[in-house]
Amino acid sequence: MADPPPLIAAYMRKRADLVRFFTLRTGSAATAEDLVQDLYVKISEMTPPPDMRSAEAFLYRVGSNLMLDRSKAQRRQAARDHAWSQAAGGGGPEPVAQEAPADEAVAARQRLERLVAGLERLPPQVAAAFRLHKFDGLSHSEVAARLGVSRSSVEKYIMSALRALIAEYEP
Amino acid sequence: MTGPSARSPIPDAVRERAAAWCVRLGSDEADDADWLAFETWLAENPVHLQAYEAVEHLWSALDALKPVAAAPQAAPQAAGELAATVIPLTPRPRPTRRPPAWMGAVAASLLAIIVIGGTFGGVSYWAGRPKTEAFDTAMGQRRVVTLADGTHITLNGDSHLTATLGRHERRVVMASAEAVFDVAKDPDRPFFIEAGDREIRVVGTEFNVLHQGGEVKVTVRRGVVEVRPKGAPGAQPLARLTKGQALSHRVGAGADAVAAADPDVAMAWTTGRLVFQGERLSDVAATLARYGRRPIVVTPEARDMRVTASLNIGPEDEMLRALTAFLPVQIDRRTDSVRLSLRR
């Protein structure tokens, strides 16, 4: 009960905004309500990072991650259901596959291989900035400090990496 | 979520803009205004959402490459140091308890109390005997009243109280009520609130008082209040509460417990919400029961279940249903009560 954190206060202020935003993102007011409720439970048991600049932006980010986690879980579930119905249709006591159907799995792996190749072709500074941010979880400011460049340069590097990877991913 | 397989023509400019949003929102500099601007952009055209989902899908897919693609430069860095600089999006254990930063902001707002006392009520009541006004709300109703001295009282549903503004004192008697008081400062006329066998003395502050079902609870957002036994004006206060503190008392009992409390949580009902942070299910049930006609009985094995939730205030039935959506409990509705037990 003690320690009412600024996150909770921000949540109270932003709740209606968050529901509206996630209704737009998910296409369902009910899903958005659930998500924003989950968000409350999540932030109520977490410590905001010491370098958090905007509690509101943090709420949107945590909420967005929850949304993505959910849709990933749903895709896995759908893949399992699909595999199960395939297996059940086959009639035999075959083990239920945990992965997406084989042709999709192959396509997904090929896309990942193209991304790896795309990453390797990036100019060194661009690749370094992108990797530090995306894979090591450094903030833009931290990447800037690490590479000795400005923050706006970091944004440009990350943007140019993303542009190149989009081209690989969706030719 | 649109995967890369569901392809429809996205103009390059839109794709570029979607990528720029992804970078911007991933920045530690992003703020509330960025997210609101992003929302506006998304709402402009369904293709915007589609383009953003495609970028987001790529961004998630890249997670699969993390083990092979982590920056080699990061290796020498101590793991602990790195962990401290990353903005975690998952909970991590709290290392130390710091005094909450929001308290400073709340203290700063103390000066914002507007003093209108004495000029507002007109001559009429100064001339005659102090007039007593009664304020009542029906179940589910909320109401804000402004007294002649500028004090605002926000009444929760099913609340009954009277207010008397005298020349030397101001007095509210809470028969059975929950209310937030934002008391206009008037050093010459202290403000008293009677709740059961307790009396609360105020100079100018904002706080929540609950007096229902034999329970008295006072939670302070701003300023200082003193709590005494009722009818003992000269007595030493039982407690002096400052911001972020709450006093709990059962009418008739000797003891008063003072603990730290979040006034935002205690006053959430004023914005149509009930907020629980790790409270026992039996306490949650007692709160919910105030919004319905039937008592809520919690079976012994479910009483100590901890509840963290933020509920829209509505009919008791709806709130209970919302609660059972994420707690392993079941509801049995009977004619004279509602029973909550562990789901089997």
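Student: Which residues of α1(B) meet which residues of α3(B)?

Tutor: B:Val14, B:Arg15, B:Ala18, B:Ala19, B:Trp21 and B:Cys22 of α1(B) meet B:Val47, B:His48, B:Ala51, B:Tyr52, B:Val55, B:Glu56 and B:Trp59 of α3(B). Two residues are in contact if their C-beta atoms, placed from the backbone, lie within 7 Å. The model is predicted: local features need pLDDT of at least 70, side-chain atom pairs count only at pLDDT 80 or more, and totals for chains, interfaces and linings use all residues. Residues are numbered from 1 along each chain as its sequence is written, while chains are lettered from A and ligands numbered from 1 in the order in which they are written.

Student: What makes the residues of this contact nonpolar, polar or charged?

Tutor: Ala, Val, Leu, Ile, Met, Phe, Trp, Tyr, Cys and Pro count as nonpolar, Asp, Glu, Lys and Arg as charged, and the others, Gly among them, as polar. By that division, the contact of α1(B) with α3(B) has ten nonpolar residues, one polar and two charged.

Student: Why are α1(B) and α3(B) called oblique to each other?

Tutor: Helix α1 (residues 12-25) and helix α3 (residues 46-61) of chain B cross at roughly 55°, and their axes come within 9 Å. Axes are lines fitted to C-alpha atoms, for helices over the stretch in contact, and angles run from 0 to 180 degrees between N-to-C directions. Angles under 35 degrees count as roughly parallel, over 145 as roughly antiparallel, 65 to 115 as roughly perpendicular and the rest as oblique; α1(B) and α3(B) are therefore oblique. Their crossing is right-handed, a term for a near helix turned clockwise from the far one by less than a right angle.

Student: What makes α6(A) roughly perpendicular to α7(A)?

Tutor: Helix α6 (residues 140-147) and helix α7 (residues 151-169) of chain A pack at about 105°, their axes being 8 Å apart. That angle makes α6(A) roughly perpendicular to α7(A). The residues of this contact comprise three nonpolar, two polar and two charged. From α6(A) come A:His140, A:Ser141, A:Val143 and A:Ala144, which meet A:Arg151, A:Val154 and A:Glu155 of α7(A).

Student: How many helices and strands does chain A have?

Tutor: Chain A has seven helices and zero strands, whereas chain B has ten helices and 18 strands. Helices (H or I, at least four residues) and strands (E, at least two) are DSSP runs, numbered from the N terminus.

Student: How do you know that β12(B) and β13(B) pair?

Tutor: Two strands pair if DSSP finds at least two bridges between them. Five bridges join β12(B) to strand β13 (residues 256-260) of chain B, and the two run antiparallel. B:Ala246 stands opposite B:Ala259 in β13(B). These strands form a hairpin with five residues between them, and B:Gly252 in the turn has a positive phi of about 95°. Strand β12 (residues 245-250) of chain B is also joined by five bridges to the antiparallel strand β9 (residues 215-222), where B:Val218 has B:Leu247 as its bridge partner.

Student: Why do β15 and β17 of chain B stand at the edges?

Tutor: Their open sheet has three strands in the order β15-β18-β17, with mixed pairing. β15 (296-298) and β17 (329-333) each have a single partner strand, so one side of each is left without a neighbour in the sheet. Neighbouring strands here are turned by 25° against each other on average, direction ignored. β17(B) pairs with strand β18 (residues 338-342) in the antiparallel sense over five bridges, and B:Arg333 stands opposite B:Val338.
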